[in-house]
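Have a look at it first, and then we'll go piece by piece.

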Amino acid sequence: MDHDSAVREAAALLARSRRVVVFTGAGVSAESGIPTFRDALTGLWQRFDAQSLATPEAFRADPALVWGWYEWRRSAVSRARPNPAHIAVATIEARRPGTVVITQDVDDLHERAGSATPVHLHGSLFAPRCFDCGQPAPPPGPADEPPDGRRLEPPRCTACSGPVRPGVVWFGEALPEAALRAAAEAAAACELLLTIGTSGLVYPAAEIPHLAARAGAAVVQLNPMPTPLDPVAAVSLRGPAAQLLPRLVDAAG
Ligand code: BJW
Ligand code: ZN
């Protein structure tokens, strides 16, 4: 299928669907300048891959390394702006009340584009808590721009003086129960699921598009690269989300 007919077919699916789920990954924020999770790291962190830093074991072994990496990312997100893909997602929601946005991203770019209550499956960069006792910690002040490659000692918990950690879900940790339940329910009940900018490699989140497909929904994928979600996608639009999604949304009306 050529590009234009794929956009037309995806737009026709969107136009006739009332219950829509938008499922996003790091690729939706790529054109806001936020590196995807599986991009190569820079600075101090170039010796690591992101997967090796996003674990409780890494934090336990070297809290300053991991906290510094997350503060560097938080500062990049704070300086970034939502891109046309985030805005197109919010437009889908505005035109189809009942749309559920489910994101694996720990940034706040969906919210800043106008999405009301995206379901965050992997937590948030803006909700730190104590590593030892779980007490929420005040969000650190506005993220200054830390020089790329700075280790940073995490703040200490006011209740138990344990180290404060980012409020994200690391490998081996359970996803927030309410968010996972809401995502699974929405996927099981939707007519159309748009999966945007995710490699579809990380479980249980990657189960969500499969669940929707098994329940009879059409799955439309936007990604410049092939992914393991290709087999369940009725239409795969190969290209950057910030270009393709606004076209799709305009064509669907
Ligand atoms: C563009 C673009 C553009 C580029 N436009 N697109 C079943 C099978 C195998 C393994 C497991 C399994 N079940 C569980 C596991 C283990 C593990 C796992 O999945 N491992 C796999 C890697 C093999 N899962 C877990 O450990 C999970 N926990 C768990 O299972 O707990 C069990 C438990 C139960 C009860 C009690 C206790 C335990 C937790 C997973 C947490 C994942 N966390 C991270 C880090 C979050 C914090 C942080 O950001 O630092 O979440 S990992 C990372 O991957 C991050 C992302 O949200 C997630 C998904 O990545 P995403 O978004 O898909 O990004 P990329 O970079 O992979 O892909 C970007 C895509 O964009 C690419 O396809 C590009 O082509 C595309 N793109 N430019 C559109 N312009
Ligand atoms: Zn504590």
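Is Cys130 buried or exposed? Cys130 counts as buried because its relative accessibility is 2%, where buried means under 20% relative accessible area, exposed over 50% and partly exposed in between, using a 1.4 Å probe and protein chains only.

Before going on, a word on ground rules: this is a predicted model, in which local features need pLDDT of at least 70, side-chain atom pairs count only at pLDDT 80 or more, and totals for chains, interfaces and linings use all residues. Residues are numbered from 1 along each chain as its sequence is written, chains are lettered from A and ligands numbered from 1 in the order in which they are written, and side-chain values use heavy atoms, with hydrogens and water left out.

Back to Cys130, then. Its SG atom coordinates the zinc ion (ligand 2), along with the SG atoms of Cys133, Cys157 and Cys160, at 2.3 to 2.4 Å. Donors here are N, O and S atoms within 2.8 Å of the metal (3.2 Å for Na, K and Ca); water is not among the atoms, so sites may look incomplete. The angles among the four donor atoms run from 99 to 116°, and the site is tetrahedral, a label given to four donors if all angles lie between 85 and 135 degrees. Along the sequence, the donor residues follow the spacing C-x2-C-x23-C-x2-C. Cys133 is partly exposed, with a relative accessible area of 42%, and Cys160 also counts as partly exposed, at 33%. As for disulfides (pairs of cysteine sulfur atoms within 2.5 Å), the structure holds zero.

Helices (H or I, at least four residues) and strands (E, at least two) are DSSP runs, numbered from the N terminus. Most residues other than glycine have a negative phi. Ser161 is not a glycine, yet its phi is positive, at about 60°.

Now for the sheet. Six strands line up in the order S3-S2-S1-S6-S7-S8, forming an open sheet with parallel pairing. At the edges are strand S3 (119-120) and strand S8 (235-237), each pairing on one side only. Two strands pair if DSSP finds at least two bridges between them. S1 (residues 20-24) and S6 (residues 192-196) pair over five bridges, and Val22 has Leu194 as its bridge partner in S6. Four bridges join S1 to S2, with Thr24 opposite Thr103. Two bridges join S2 to S3, where Ile102 stands opposite Val119.

Helix H1 (residues 3-15) lies across S1, S6, strand S7 (218-222) and S8, at about 125° to S8. Axes are lines fitted to C-alpha atoms, for helices over the stretch in contact (heavy atoms within 4.5 Å), and angles run from 0 to 180 degrees between N-to-C directions. Helix H6 (residues 84-95) touches S1, strand S2 (100-103) and S6, and its direction makes about 165° with that of S1.

Last stop: Leu175, in the loop between strand S5 (164-165) and helix H8 (177-189). Leu175 is buried, at 11% relative accessible area. Beyond its neighbours within four places in sequence, its contacts include Leu121, His122 and Pro204. Pro204 is found in the loop between S6 and helix H9 (207-214), and the peptide bond from Tyr203 to Pro204 is cis, with omega near 5°.

Technical notes
Tetrahedral: all angles 85-135°; square planar, octahedral: opposite > 155°, others 65-115°.
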